[in-house]
Amino acid sequence: MPSIELQIENGVAKITFNRPETFNSFNREMALLLQKTLDECSVNSEVRAIILTGNGKAFCAGQDLKEVTSPELNPGFRKILEEHYNPIIERIRAIEKPIIAAVNGVAAGAGANIALACDIVVASETASFIQAFSKIGLIPDSAGTFFLPRLIGFQKASALMMLGDKVSAKDAEQLGMLYKVFSVETFHEEVNALGIQLAQMPTKALGLTKRLLNQSLTHNLKEQLAMESDLQIEAAESEDYAEGVNAFIEKRKPVFKGK
């Protein structure tokens with residue numbers, strides 16, 4: 001049974017963490033397979049939006065501690081970070097297609113921070129988030145110290161990371177960690193609909209928007225305004241822009257192709 005499942009339908013690639021017996025915690029094989037799968041989705045023209053989710057009760061419980069406590073399995077923390085988690089986060093931010101984290105259950109440690117690195121985070125009402133690192137004497141990784149303070153503010157991020165509090169989906173929504181919470185009954189239907197909605201949008205412009213958001217984390221105002229000008233010109237030269245304007249004038253629904 002593969003640790004990562006991929007299903008492509010209606011322009012949406014659903015990537016599912018598939019180690020439910022370990023609450024979808026990462027071992028080396030799963031981390032490398034996720035990178036390979038993200039790479040495949042990045043270059044596949046049929047894929048216009050991506051969903052990350054988990055099988056079973058959890059989204060992802062972070063690192064499989066059995067791997068790091070077994071001498072014959074342990075790749076070492078430097079290898080885990082530099083070859084597993086850091087490349088995953090870099091891919092999520094670099095792929096110029098919208099990526100949804102569909103958090104179906106607990107998201108802990110690196111699992112929580114992978115979710116927070118995505119473009120849109122939605123959660124089941126039974127989901128939860130925990131910066132579990134301090135519980136075992138580690139520090140947050142997988143860009144948690146980069147994204148969480150920017151999402152919810154320095155003080156709250158600091159407290160959650162140091163205390164290791166579990167945050168319910170509803171509280172996470174109120175804090176600004178995620179976009180929406182869905183009921184258990186409608187979760188999968190809502191997630192699929194959101195993926196299809198994004199896939200039918202002008203994904204060329206969405207990719208450029210993602211590039212701008214990435215740079216906004218380090219740019220000053222003048223640099224950001226200049227980049228907006230450049231990318232707006234690029235967007236205005238796209239087929240999607242022409243289609244969007246024509247559809248508006250003709251009072252019909254646009255058919256975007258991401259070009």
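Predicted model: local features only at pLDDT ≥ 70, side-chain atom pairs only at ≥ 80, totals over all residues.
Now for Ala 13. Ala 13 is found in strand 2. Its relative accessible area is 0%, so Ala 13 is buried; the word buried stands for under 20% relative accessible area, exposed for over 50%, and partly exposed for what lies in between (1.4 Å probe, protein chains only).

With a relative accessible area of 7%, Thr 16 is buried. Apart from residues up to four places away in sequence, Thr 16 touches Ser 3, Ile 4, Glu 5, Thr 53, Gly 54 and Asn 55.

Asn 10 is placed in the loop between strand 1 (4-9) and strand 2 (12-17). Asn 10 is not a glycine, yet it has a positive phi of about 55 degrees. Most residues other than glycine have a negative phi, and most peptide bonds are trans. Asn 10 counts as exposed because its relative accessibility is 53%. Ser 142 likewise has a positive phi, near 55 degrees, in a residue other than glycine. The place of Ser 142 is in the loop between strand 8 (128-130) and helix 5 (144-152). Ser 142 is buried, since its relative accessible area is 2%.

Stepping back, what does the whole chain look like? The protein chain has 11 helices and 10 strands; helices (H or I, at least four residues) and strands (E, at least two) are DSSP runs, numbered from the N terminus. Along its principal axes the C-alpha trace spans about 65 × 45 × 35 Å. A compact globule of 259 residues would have a radius of gyration near 18 Å, and the protein chain has 19 Å, which agrees. That radius is taken over C-alpha atoms, and the globule rule is 2.2 Å times the number of residues to the power 0.38. Of the 259 residues, 45% are buried. Among contacts between residues at least 6 apart in sequence, 65% join residues at least 24 apart.

The interior can be described through its nonpolar cores, each a set of buried Ala, Val, Leu, Ile, Met, Phe, Trp, Tyr and Cys residues joined through side-chain atoms within 4.5 Å. The largest has 48 residues, of which Phe 26, Leu 34, Ile 92, Val 103 and Phe 129 touch the most other members. A second, separate core of 12 residues includes Ala 49, Ile 100, Ala 102 and Leu 198. Leu 34 touches Ile 4, Ile 15, Phe 17, Phe 26, Leu 52 and Ile 88, leaving out residues up to four places away in sequence.

Val 103 leads us on to Ser 124, which is in contact with Val 103, Asn 104, Ala 169, Val 181, Phe 182, Val 184 and Phe 187, neighbours within four places in sequence aside. Ser 124 lies in strand 7 (residues 120-124). Its relative accessible area is 3%, so Ser 124 is buried. Ser 124 and Ser 183 are 59 residues apart in sequence, yet 5.8 Å apart in space, C-alpha to C-alpha.

Ser 158 lies in helix 6 (residues 154-163), and at 22% relative accessibility Ser 158 counts as partly exposed. Leu 225 belongs to helix 10 (residues 221-236), and Leu 225 counts as partly exposed at 45% relative accessibility.

Conventions. Residues numbered from 1 in each chain as written. Heavy atoms only, no water. Contact = heavy atoms within 4.5 Å.
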